[in-house]
Amino acid sequence: MSTLLRPPLLHHFLSVRLRGTAAPRTWPVEPPAATCRGHDPGDPAQAALLTFEDPQAFRVKSVWELVRALSVFRFCSYPLLVKHCGKLMSVARAMLGRRGFSFFVRPTVYAQFVAGETESEISTSMEKMSSLGLRPMLAVPIEEDLGESTGEHRYDNNLASMLECVRISHSSTWSKDPMMQLKITALIRPELCVKLTSLMKEEHYDLDLLVRAMNGEPISFPGLLESENTHFLLGLRRLDKIAQASVNKVRVLVDAEYTYMNPALSLITMAMMKKFNQESSWIWNTYQCYLKDSRSLLLEDIRLSQEHSFCLGVKLVRGAYMDKERKLANQEGWTDPVHQSWEDTNCSYNGSLDILLNLISQNPGRYQIIVATHNENSVRHTAIRMGVLGIQRDGGSVCFGQLLGMCDHVSLTLAQQGFAVYKSVPYGSVDDTLPYLVRRAQENRTVLQGIRKERDLLRQELRRRIRHRLTGHS
Ligand SMILES: Cc1cc2nc3c(=O)[nH]c(=O)nc-3n(C[C@H](O)[C@H](O)[C@H](O)COP(=O)(O)OP(=O)(O)OC[C@H]3O[C@@H](n4cnc5c(N)ncnc54)[C@H](O)[C@@H]3O)c2cc1C
């Protein structure tokens with residue numbers, strides 16, 4: 001594996017972080033129309049097309065892939081195992097040694113959720129995905145939170161990994177209209193993002209000022225110490241390099257993180273959009289609908305994009321850091337920023353979705369959205385509204401996103417129906433990706449614990465194969 005391909009070791013990410021979701025799964029629960037104003041029931045005939053109950057979606061998987069997915073999901077169905085999987089993995093690694101541990105993990109958990117380590121392994125996984133009608137959204141598993149900041153050299157290494165990700169994303173035949181994910185805190189210190197967020201309450205940071213800094217002007221940002229200003233300028237230049245390399249090749253989706261730094265991340269992302277999204281959305285922002293103010297944040301950014309005349313790319317998610325946001329609010333005596341219930345979050349999600357779909361139907365070139373969710377109701381709702389509003393399934397304005405190895409019954413069915421579907425794909429060595437996987441497992445534990453339907457469909461397909469072997473009939 002090239003050193004650029006390999007993200008830096010992330011051992012510190014094994015430190016326990018509180019996040020994830022706590023909602024009991026009573027799936028599917030469509031929020032009642034009374035609490036979710038603006039919901040259109042849509043065309044029931046179209047909805048029926050997307051029941052996600054056809055085990056045929058799994059015919060493309062090998063027997064081993066079916067068995068592997070069933071075993072991994074079985075493991076993930078135990079909340080205690082998921083909660084402590086980081087510690088369990090560390091103990092197993094210490095007992096088995098690096099090679100022994102890799103021998104055990106590589107064909108199982110790693111193969112389920114990671115594309116591979118070398119460029120040729122990644123290409124093989126991506127070619128397979130592409131043959132199933134799925135598109136890649138590569139993700140370099142690098143991220144930092146408060147107290148984990150490292151020197152400028154480390155951020156430059158991260159820049160090199162990201163540029164490598166841009167190159168891999170668009171270098172092959174499998175990469176039709178590719179996307180990649182980017183975490184700003186891999187390139188700019190989280191502490192600085194927090195400081196900027198609090199400064200933004202008093203100072204106005206103009207998008208043009210950031211654009212000029214990206215262009216190399218030695219701007220002095222109000223409220224920052226000299227060393228912070230220097231680091232900010234370097235960080236903006238790093239982001240500029242990634243965007244320059246991506247334009248007309250790869251769409252860069254900037255992740256949303258914690259509320260104590262999101263305003264700064266959004267400001268930076270909007271400035272990148274202003275510079276690079278004149279013709280099309282090459283830079284996208286993420287909106288976390290579990291936040292009570294997510295609707296107003298989205299509306300404000302729509303207004304900004306209109307005022308500054310650039311295209312807006314939106315990744316719509318529910319949000320991954322609920323437990324930590326709530327814990328922090330509780331500790332600090334702040335109002336909980338997260339909606340009170342899963343149903344409220346669903347309402348918020350589908351409401352924001354409707355706003356964007358309406359805008360897209362009026363002006364498809366100006367707005368683009370990725371419906372990044374495993375929630376069948378939101379996916380179905382999108383498909384219905386697209387039909388009602390006359391938005392093309394693969395017209396480039398609306399696409400869907402799920403994590404690699406999760407909810408394939410949703411992704412494959414959508415792809416078979418002609419929708420554009422992306423899988424978020426981490427890559428790297430076992431050591432590099434495992435901490436990232438542990439985090440994702442904990443963030444998505446309610447999704448993982450709720451995928452009973454996927455397990456049932458996998459089992460059905462497995463039984464069908466055994467029957468076919470024994471009797472010759474399906
Ligand atoms: C391609 C892709 C990119 C992503 N990028 C990001 C990102 O940049 N930033 C980010 O934060 N997340 C991101 N996520 C993760 C996402 O936010 C969700 O954590 C994850 O997808 C689960 O939500 P869901 O809609 O798939 O599933 P669902 O099961 O429908 O929803 C689970 C989610 O609902 C919310 N929820 C659960 N219980 C409650 C409750 N009691 N009260 C209020 N809300 C509740 C939580 O957000 C929880 O994650 C991404 C996901 C994908 C697939």
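Visitor: Are α2 and α4 roughly parallel or roughly perpendicular to each other?
Guide: Helices here are DSSP runs of H or I with at least four residues, strands are E runs of at least two, and both are numbered from the N terminus. The axes of α2 (residues 63–76) and α4 come within 10 Å and cross at roughly 90°; axes are lines fitted to C-alpha atoms, for helices over the stretch in contact, with angles from 0 to 180 degrees between N-to-C directions. Under 35 degrees counts as roughly parallel, over 145 as roughly antiparallel, 65 to 115 as roughly perpendicular and the rest as oblique. The two helices are therefore roughly perpendicular.

Visitor: What kind of model is this?
Guide: Residues are numbered from 1 along each chain as its sequence is written. Totals for chains, interfaces and linings use all residues, side-chain atom pairs count only at pLDDT 80 or more, local features need pLDDT of at least 70, and the model itself is predicted.

Visitor: How many helices and strands does the chain have, and what percentage of its 474 residues count as buried?
Guide: The chain has 18 helices and eight strands. A residue is buried if 20 or more other C-beta atoms, placed from the backbone, lie within 10 Å of its own, exposed if 12 or fewer, and partly exposed in between. On that count, the buried share of the 474 residues is 46%.

Visitor: Which residues have the most contacts inside the largest nonpolar core?
Guide: A nonpolar core joins buried Ala, Val, Leu, Ile, Met, Phe, Trp, Tyr and Cys residues through C-beta atoms within 7 Å. The largest one has 120 residues, and the most contacts inside it belong to M180 and V252.

Visitor: Which helix gives the largest share of this core?
Guide: The largest nonpolar core has 120 residues. Eight of them, the largest share, come from residues 262–276, which form helix α10.

Visitor: How do the axes of α7 and α10 pack: at what angle?
Guide: C193, L196 and T197 of α7 meet P263, A264 and L265 of α10, where contact means C-beta atoms, placed from the backbone, within 7 Å. By class, this contact has five nonpolar, one polar and no charged residues; Ala, Val, Leu, Ile, Met, Phe, Trp, Tyr, Cys and Pro count as nonpolar, Asp, Glu, Lys and Arg as charged, and the others, Gly among them, as polar. The axes are 7 Å apart, and the angle is about 90°.

Visitor: Which residues are buried in helix α7, and what arc do they cover?
Guide: In α7 (residues 190–199), the buried residues are P190, L192, C193 and L196. They sit on the same side of α7 because their arc, taken from the directions from the helix axis to the C-beta atoms, is only 155°.

Visitor: Where do the buried residues of α8 pack?
Guide: L210, V211, A213 and M214 are the buried residues of α8 (residues 207–214). They fall within an arc of 160°, so they line one face of the helix. That set packs against α9 and α10.

Visitor: Which residues of α16 make the contact with α4?
Guide: The axes of α4 (residues 85–113) and α16 (residues 430–443) come within 10 Å and cross at roughly 85°, so α4 is roughly perpendicular to α16. From α4 come C85, G86, M89, S102, V105, R106, V109, Y110 and F113, and from α16 come V430, T433, L434, L437, V438 and A441.

Visitor: What separates the C-alpha atoms of A69 and M406?
Guide: A69 lies in helix α2 and is buried, with 23 other C-beta atoms within 10 Å. Beyond four places in sequence, A69 is in contact with Q112 and L458. M406 is 337 residues from A69 along the chain, yet their C-alpha atoms are separated by 9.0 Å.

Visitor: Is D177 buried or partly exposed?
Guide: D177 is found in the loop between α6 (152–170) and β2 (179–182). Its phi is near 45°, a positive value in a residue other than glycine. Since 15 other C-beta atoms lie within 10 Å, D177 is partly exposed.

Visitor: Does C407 count as buried or exposed?
Guide: C407 also has a positive phi, near 55°. Its place is in the loop between β7 (398–403) and α15 (408–416). With 24 C-beta neighbours inside 10 Å, C407 counts as buried.

Note on methods
Two residues are in contact if their C-beta atoms, placed from the backbone, lie within 7 Å.
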